[in-house]
Every structure is written in C-alpha cells, then in structure tokens.
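Trainee: Can you take me through this one? I would like to start with how the parts pack together.

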Amino acid sequence: MSVIFLLLTVSTLVAGVFLLGFIWAVSRGQYDDDRSPAVRILLDDRVGPIQPSTDNEQP
Amino acid sequence: MIERFQYDNRIVKNFLFITILWGVVGMLVGLIAALQLVVPALNFSEWTTFGRLRPLHTNAVIFAFVGNAIFAGAYYSLQRLLKTRMFSDVLSKIHFWGWQLIIVSAAITLPLGMTQGKEYAELEWPIDIAIALVWVLFGINMFGTILKRRERHLYVAIWFYIATWVTVAMLHIVNSISIPVTLGKSYSWYAGVQDALVQWWYGHNAVAFFLTTPFLGLMYYFLPKAANRPVYSYKLSIIHFWSLIFIYIWAGPHHLLYSALPEWAQSLGVVFSVMLIAPSWGGMLNGLLTLRGAWDRVREDPVLKFFVVAVTCYGMATLEGPLLSIKFINSIAHFTDWIIAHVHIGGIGWNGFLTFGMVYWLVPRLFGTKLYSVKLANVHFWLGTLGIIFYAIPLYFAGFFQSLMWKQFTPDGFLVYKNFLDTLLEIKYAYWLRALGGSIYLIGAFVMVYNVVKTVKAGKLIANEDAEAPALEKVKVTGGHWHTWIERRPIQMLVFSLIAVAIGGIIEMVPTFLVKSNVPTISSVKPYTPLELQGRDIYVREGCYTCHSQMIRPFRSETERYGEYSKAGEFVYDHPFQWGSKRTGPDLHRVGGKYPHSWHYYHMWDPTTMSPGSLMPAYPHLLENALDTTTTRRKIEAMITLGVPYDPEFPAQANAELRQQGEGIVADLKKAGIETSSDREIIALIAYLQRVGTDIKAKPATVATAQ
C-alpha cells in the first residue's frame, strides 16, 4: 500500500495549489464584489451590429 | 483607454464541429457495443469484439466528444470573460490538431488491442505522452490568456477550467506511469491493490475533473447567457467551486468497496463521497434557480430546455453517486448494470444535453444567423429525453434484479441461480430496451447534425469578432503587513485555518501508514511463468476485464458461487490489476483449475459449445494466431525492473520454459482429441486462465484444518 503515500502527497500538493489559488483570489479582492460579476458577463462587448466579418483571416 | 480587439471564433467553430462529429461516432460505437451484448454475432472480427469496442466507446465519448466540447466552450467563454483574444492562435491550432491526432490514434490502436488495461486510461504510453504534451500547451494558452486579460475579476467559470487543467494533468501523469516493453505494450508501474487504488483515484477524478468541473464552468457561463439573467447566487457559485474541488479528490476508493483494498481506505472514500452531496446540490440548485421567473422562456427555448434537463441529470447523478458509495447499496449495485445506468445519466444527460444546448446557442452566434429550425431542436430535445429514459430505466431494473438473483438462496442454503448465465439471460430484455434508448438518442443527434448544417449554410462564419474593452489598470499594492488582508476577513481566516489543519492532519497520518505495508504477503503466491504472463497479456489485450471481474467479495453468495474471496496479497504480481468493474460474465478469480484445458479451448472457439445461450463473443482467432514470443525476454526483464522476483538469469531461458509448458498443455489437449501446436495464442491464454487465483490453494491441508 505504499502507493498511498504517493497519492496522498500528490493530492495534498494539488490541494495546496488550490489553497494558494484561493488565498490569491481573496487577497486580490476577487470576491469583494459578489454581485456585479454575474451581471457583467451578460453584457456584450461586441462593436456595432452583428455582421459577418468581411475579413475571415487573422488581421 | 478603450482598446479594440477581436475574438477568435474559428477555433471555437473547429472544436464545436469536431465535438459533433466525434459525438456521433462515439455514440454509434456505443450502440454497436450495446447490441453486441444481445447479438454476439455482431462482434464481427477479432478487432471489433466488445472487449475492444467498449474502451473505444468510452474513450471516444469522454475524450473526443466531451473533451472537444470542453475546449469549444472554454475557448468561447474564456475570451469573452477575460475580454481578450486567446493568448496564441498558433497554440490554439496546435491544441486542436494535436488533440484530434490523439483521438485518431486511439481509434486505431484500441481496436488493434493495444491497451494498458485500465479503464478510461487504456491508451498506450506514446499516446499518453502526446496527451500530456497537448494538455500542457492548452494550459499555456489558457494561463497566457488569463495573464493578458482586460477584466480584473476571474469569473467562477474560469476557476472551474483552471481546476480542471491542474487536476487532470496530475491524474493523467500519476496513473499513466508505466514501463514500456514495445511501442504498443507497457506494464503499469503499480501492481494489484496499489494499481487498483491509483486507477480508481484516477477514474473517479476523471469523472470529477473531466466530466464535471469543466462542465460546471460551461454551465455557469452558458446557462446565464442563454437565460439572459445572472446566476441565482454568485456567492453560492464560489462556495460551490471551492468546496467541490477540496472534497472531490478524496472520494476515489468508493469504487473498491468490499474489495481487497484496506478497510480504512474504503471508509475514507465513503465519507468524502457522502459529503459531496452538499456542494453538488448547491451547484445544481444554483443552476436551476437561475431560471426563476423565466420558466415561461424554458417552454419556448430549446437551449434552456436542454440546460434544464442537463442540470437535473447532474443533480440526479450526484445524489445517486454518494448513495452508491454507501457500502450496503454498493454491495447490491456494484458489478451490475445499475452502474452503467448511473454513468449514462451523467454522460448522456448532463454532458450530452449541456453540449447540445451549447451547440444550439453557439452555432447561430458564430455564424451571425438564426437557428435553422427551433422545431427540429425541440424534436431533438424530446428524442434525447426519451432516449435517456429508455436507456436508463431498464438498466436500473436489470442491475437491481440481477444482483438479487446472484444473491438468492434456496431455503436449504443453495444458490437458486447456480449458473451465472441464467441471471444474464433473465435481463436480456433490458439490453434490448437499452439499445432502443441509445438508438433514439442517436437519432436525436442526427437531427441536430441536420439542423446545424442548415444553420451554417444560411450564415457566414464570423471568424474574428470585433470587441472593445478598457485596458486593465495596474493595481497598486497597498501598504500594511502582508497578511492584514486576511485578518480583516474573519470567515476566510477560519476557512484557511480549517484547511491548514486538514492538510496538517493528513501529513501527520502518513508516518503511521509508513510503519508497515498494508498488503499482506502470501508466501505461496508466485510470479507468473513466461507462458502465463503472455497469456495474461492476451487477456488484457482482448479487454476481458470489460465483462469479467477478478475480485470475489467476502459475501456468502459470492464465495458459494466462485470460491474463496480475493485477498490483497494475491495480486502483488499483477501489472496491471484486472479486477474489473462490471460482471456481464462471471467472476474469474477462481477459474483456475475449474475446467479442463479442452473446455477453455472449445469455449474460446465458440462459447455456446460449452455454455449454450452464452452471449460472449467467440475468439476463433486465438486458435490460429501464433504467439509472439519475441517479446518474452523483454517482458520478463520489465517485470524484474518492477520488482517481480524472477531469477536474474531467467529472461534468457524464459522462452525455453514457455515452450515446455506449452507442450504440456498441447499433450493434455491431445488426450481430449484436440490437435494444435504449442505456439498458438490459445495455449498461453489457457495457461493463464488455469493459473488465476490458484496460488492460495497450494496448501489445501492448512485451509482444511483452519475450518
């Protein structure tokens, strides 16, 4: 069952990475506002009316 | 300052179209496999038996259909959520083509029998390496996009994508570690119980982090967009995310209840599995409640209809999952078709319907037009829903009742259904109904293809979509001690402490595990002979584990039917383990010595000769194909590297011993009137089957006195 150490270590490591992510998110004020992000994604930032672009390749 | 830029829609379109293509292919293979279970003649050839098509089906729907759907949805939403084009168009293209190349190579190698023999991780090592590389490129592309974003806040969907990327990378690498023998053959680094634990840690988390978290990200983006209203509670979505990812990863052992895995590891898996109900249902309710006050629109809009059923299926599957991991329920459901029904609620309900909804929402937007026919989309919706019902309900019944049949005793204490096959034939009707459900579902998908083609023809791809957004201002780091930010937030502080304590606790536990290995060694368990090893590789190649388990649970009904229950120490030389997860046929762990060689010979040639009515495919090619003995030496050497105690001189004489053992079997077969030669594959397979699970029988005297 020694493989359990590998699994625990790796899992804990990943949990640690997520923890760092969480700390980062909170420290950067990602969650200070828990209302407007949900609304903001609904707004389109498209320019002008929907029209097939004439240039289909990379600009 | 307002900046103008363009979203890359072409990559989204590519991923979306290929999703549809692989989806149809994957479902078609699934339908063929389902029909093979009732009409064995449909196994056609040695390359298309159920044992080879089933991995092809699972790999196709998971990695090709769902995988490409994730990429399509993520590439669309990432750009818009972060208000920037993808980091690199070149990386996007390499990602796309690399992934498709992997899928094509899977579609070629799996029917050829190149497999690692571990569920959902069958692909051989060169493909595994390619997967890792492409995954890394995807990561660079995603994180690069995040770094150059114009939106400070990372919407919750992005967190789900990040968690997916990180965890899948880890799972894939750890589970795929193996020692190559040839280009198309490798042995898992781990053996027996350890391999089982790693595999199901992977298998469970593949469900969690490939089929669930990325799709939750898609749900949190596309559901609000389609409903045009914000998610019910953004706060809940954040809690949903963090609690889900911290709990999910510990639940794997619930796939191994009552197996030879140590009891404490099983219990740990159960506890975390039951805990998972909370975040899962939080997420489901959050999705459904987003539609509060908009249910009238659900009636009109097929996209929302698909999403509602998808989220409901997510809720059903995530309630059922924890229930199935409770030991008592698991003792009934495990190894039966109940599990097949369960995963398809998740697969065709949650993943399938969310993908379909996404397709109907995205295609008109990518092509600057309207959906060709809302009516046909509704037809697809109802066909799909009917398909799910016809698929799942018969299998729930079948699984439950077959399990009861396995466990039924007469008043005198004998098994009522002595012959396993009888219980299978009792539920054959359900297999037909399941195939019907699958067909209806597949027809629905074809309706979608038609609708999409018509829509695409009516529009023109907006390959680069103009957008504008203000540039991101640099944030100034405010003064104060570095951790003042958290001290101002008591709740977060508490959460951190708890997490820190939990991690600390786990680390403290490790030394106690280190004290002694939990796998008891059994002195009579010996390494396989070269011929048996070759035979075992044939067993793996043919995908026998897709229908036969090698794990007798400690229940009276199982020891009565199969023999002594399986012990952890019996599997120490099994690279990979072949416990299986489904019994369409009987368990094989004590098949060794149960029948004469000739029985196996005829049975592999045509199973119905020995077992009338059998639904097993015939393997006549094993009787004709010559065994490839050029690999024997390398295989034994690989095993020595993995710690199997062969003599260092042994690899050189392995083939001589192989031939000698083969001659013995041939001589025995001759007595039964069968003329064959010792270099046929069947001889190796017979040698292996006669060996399985016999090592502990080596001391019958002690067993007898112990009782």
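Mentor: First a term: contact means heavy atoms within 4.5 Å. This is a predicted model, where local features need pLDDT of at least 70 and side-chain atom pairs count only at pLDDT 80 or more, while totals for chains, interfaces and linings use all residues. Residues are numbered from 1 along each chain as its sequence is written, chains are lettered from A and ligands numbered from 1 in the order in which they are written, and side-chain values use heavy atoms, with hydrogens and water left out.

Trainee: Which domains does chain B have?

Mentor: Domain 1 (157–508) and domain 2 (530–702); the bounds come from an automatic or database domain assignment. Taken over C-alpha atoms, the centres of these two domains of chain B are 36 Å apart.

Trainee: How many residues are in contact between domain 1 and domain 2 of chain B?

Mentor: 44 residues of domain 1 of chain B contact 41 residues of domain 2 of chain B. Together the two domains bury about 3600 Å², 69% of it on carbon and sulfur atoms. Buried area here is the accessible area (1.4 Å probe) that two parts lose on being put together, summed over both.

Trainee: Which three residues supply more of the area that domain 1 buries than any other three?

Mentor: Tyr187(B), Phe335(B) and Phe420(B), with 22% of the area that domain 1 of chain B buries against domain 2 of chain B.

Trainee: And how many salt bridges cross that interface?

Mentor: Two, between domain 1 and domain 2 of chain B. A salt bridge is a side-chain nitrogen of Lys or Arg within 4 Å of a carboxyl oxygen of Asp or Glu. Lys582(B) and Asp337(B) form a salt bridge at 3.4 Å, N to O.

Trainee: Back to contacts. What does Ile179(B) touch?

Mentor: Leaving out residues up to four places away in sequence, its contacts are Ser186(B), Tyr187(B), Trp189(B), Ala638(B), Thr641(B) and Leu642(B).

Trainee: Is Ile179(B) buried or exposed?

Mentor: Ile179(B) counts as buried because its relative accessibility is 13%. Buried means under 20% relative accessible area, exposed over 50%, and partly exposed in between (1.4 Å probe, protein chains only).

Trainee: Other topic: what is the salt bridge partner of Glu558(B)?

Mentor: Arg553(B), with the closest N and O atoms 2.9 Å apart. Glu558(B) is buried at 4% relative accessibility, and Arg553(B) is buried at 1%.

Trainee: Which residue of chain A does Lys235(B) meet in a salt bridge?

Mentor: Asp34(A), at 3.6 Å, N to O. Asp34(A) counts as partly exposed, at 22% relative accessibility.
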